[in-house]
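Thanks for sending this one over. Here are my notes, in numbered points, to read alongside the coordinates.

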Amino acid sequence: MLQVTHLFHDYESKGNYAVQDVSFEIPRGQIFGFLGPSGAGKSTVQNILTGLLPLQQGEVTYAGKSIRDLDAAFFNQLGVSFEHPNLYGRLTGYENLKFFAGLFDVPTLDPRKLLEAVGLTEAAHRKTSAYSKGMRQRLVFARALVNDPKMLFLDEPTSGLDPNTAAVIKELILQKKKDGCTIFLTTHNMLIADELCDQVAFLNEGKIVAMDTPRNLKLQHGQRSVRVEYGAQGQVESRVFFLDKAEDHRAFLELMQNDSLQTIHSQEASLEQIFVKLTGRGLA
Amino acid sequence: MKRFVSLFTQDLLISYRSGHVLIIGLLLVVMAALVLFLPREIKVHNELILDTSPGVPLAAYLRELGADEGVVYTDQAAFLADLERQPNKVGVVFSGGLDAPAFELVTNSAIPAANLGLLEASLERAILELRGAASDQFPVEYLRPVSPPPDFNIRFVPVILIFEVVLLGFLIAAVMMFQEKQEATLRAYRVSPAGTWTYILSKNALFLVLSLLYGLPILLLAFGLDFNLPLTLLLIALSSLLMTTLSLAIAVFFNNLSEWFFAGVAILVLNSLPMISFGLPAFAPAWLTWIPSYPAVFATRDVLFNAATFGDILPTVLYLAALTALAFAAAYAAIRFKLLKEGR
């Protein structure tokens, strides 16, 4: 669906590349996580892919068509949720969606249903200048869905949301995926990426340093170990077994066979730990 | 078309909620009050005349011509007292008689030589009339059918229509764009299929509607239905389109009203200079006549007061249309390649 090849971007044309040789491909109906700390170049890549920034070097194609030939047909199937909510403060939530829907040539979704989906029914007729940041974030997300896009760009879609609302948004994202929508998710939240993405790319200083499925990355960069809690002489003991060590492996199997075992947790590395390991820096 | 209607409705609603419509409404009320309550005729005299000659023939002659009590005096004390109260007026004292007339000017400030010459000529004419020795008036040839001079209360309607409309479109279009920049809503617009033309046309349609909503009631109050509606609306529309589009083209290069202020006000002041010519038509240096509001305001005056036809105002229409086309090209380039492309 989306193919990016050797993408470069230099804001000042002085050889200081914000994005360097970025290449990836997202098959139709998949969620691709673009992960990295602030300033890594995530938004620059997203802005190029959505036509907000000019394509300087490299190639980007949607369904085989170059981004250089962007036309109304392309924007009709595009949905973009921005990190910083950008709404008309003097319009209500409903009006923001209704008028935005009017800009598309394709059939659009009912703004009331979208507002209901993101929990804004009661605030539908309030001006968005009176919305909280979380409400504005949800409305921007709803606006990205108004044209029922085939390609969806989400920039930190759950930022500033409470866990319940974030869960609703995640559910909607998964629903879009089920509907066949291809999703480009930009975030520095590794837990969300782990939960939602079919494939993730780590971006650091404008370059992709790793790209694979979350599971493969964890297997590749983590250690095979389990943490076990078991009862011993009336106390609860805890121990980590490294399964690649013969001694630990044997001890673990012995423990599995007696009745004292209480809990077992796999100890694979988190995406965040892998990112730190690869780049030497955190995600904040 | 659907995109345009949607964006236009949105712009109209935002303009209403931003108070723009209210401002235009208030301005309309003020202008309507001027048209309704200003006198239809106003007599202004710069001179107070005292006749001290035997039989006061000049005073009698001027009164016969309709001069007010407050202009012609035969009592010196009253004359001096009124002159004291009105220091900007020129006192003219007539003495001697018709055979040996003598005039003396009493004034607080210097009188320009040209004015002095005109005063001298008119006094001389009055004396010749009184002697029965005045020659015939000069013949006057009119270039087009003569209309009676407009009433005082509607004399400034062309100025109200052209300069106010222009000011509103120019100012409010820029304010709306700065609002969109501040709210970053243009980023969302840029990832929709609606393009540059829809944006420009929507803003123009908005201010065209507001201009007509402002101009039509004033026209109806001032002239009833007795005026050339299509030609007047054409001139208002062209002025509005030109200045709104120009405003969009310029506002692209500024981030907010503070940054824009000096450039914007400079353009507005420049565009308002033809008002001087409207009050003093003889003042028309060539550079001033190229300012778009100059031909616009005079063409509007000619349509409203001098029964000008489409043929009469065609050069103005073509000039304004050409400038509007240029402004559209500039606005398109600025919006397409800067406003809808800028920003990380």
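**Notes on chains A and B**

1. Let me begin with a pair in one helix: Arg85(B) and Asp82(B) lie 3 residues apart in helix α4 (residues 76–85) of chain B, so about one helical turn separates them. Helices here are DSSP runs of H or I with at least four residues, strands are E runs of at least two, and both are numbered from the N terminus. The two side chains form a salt bridge, with the closest N and O atoms 2.8 Å apart; the term stands for a side-chain nitrogen of Lys or Arg within 4 Å of a carboxyl oxygen of Asp or Glu. Arg85(B) counts as exposed at 60% relative accessibility, whereas Asp82(B) counts as buried at 17%. The classes are buried under 20% relative accessible area, exposed over 50%, and partly exposed in between (1.4 Å probe, protein chains only).

2. A word on the ground rules. This is a predicted model, in which local features need pLDDT of at least 70 and side-chain atom pairs count only at pLDDT 80 or more, while totals for chains, interfaces and linings use all residues. Residues are numbered from 1 along each chain as its sequence is written, chains are lettered from A and ligands numbered from 1 in the order in which they are written, and side-chain values use heavy atoms, with hydrogens and water left out.

3. Next, a pair that links distant parts of chain B. Lys203(B) forms a salt bridge with Glu180(B), with 3.1 Å between the closest N and O atoms. Lys203(B) sits in helix α8 (residues 196–223) and Glu180(B) in helix α6 (residues 157–183), 23 residues apart. Both ends are buried: Lys203(B) has 0% relative accessibility, and Glu180(B) has 5%. Asp11(B) joins these two in a network of salt bridges.

4. Asp302(B) and Arg301(B) also form a salt bridge, at 3.2 Å between the closest N and O atoms. Asp302(B) is buried, at 13%, while Arg301(B) counts as partly exposed, at 24%. Over all chains, the count comes to 13 salt bridges.

5. What about chain B as a whole? Chain B has 14 helices and 4 strands, and 44% of its 344 residues count as buried. The C-alpha trace spans about 90 × 40 × 35 Å along its principal axes.

6. Now the interface. In contact terms (heavy atoms within 4.5 Å), 31 residues of chain A meet 26 residues of chain B. The buried area is about 2,700 Å², with 58% from carbon and sulfur atoms; this is the accessible area (1.4 Å probe) that two parts lose on being put together, summed over both. Tyr88(A), Arg90(A) and Leu103(A) supply 28% of the area that chain A buries against chain B, more than any other three residues.

7. On the side of chain A that touches chain B, α2 (72–76), β6 (78–81) and α3 (93–101) each supply at least two residues. The largest share, 5 residues, comes from α3(A).
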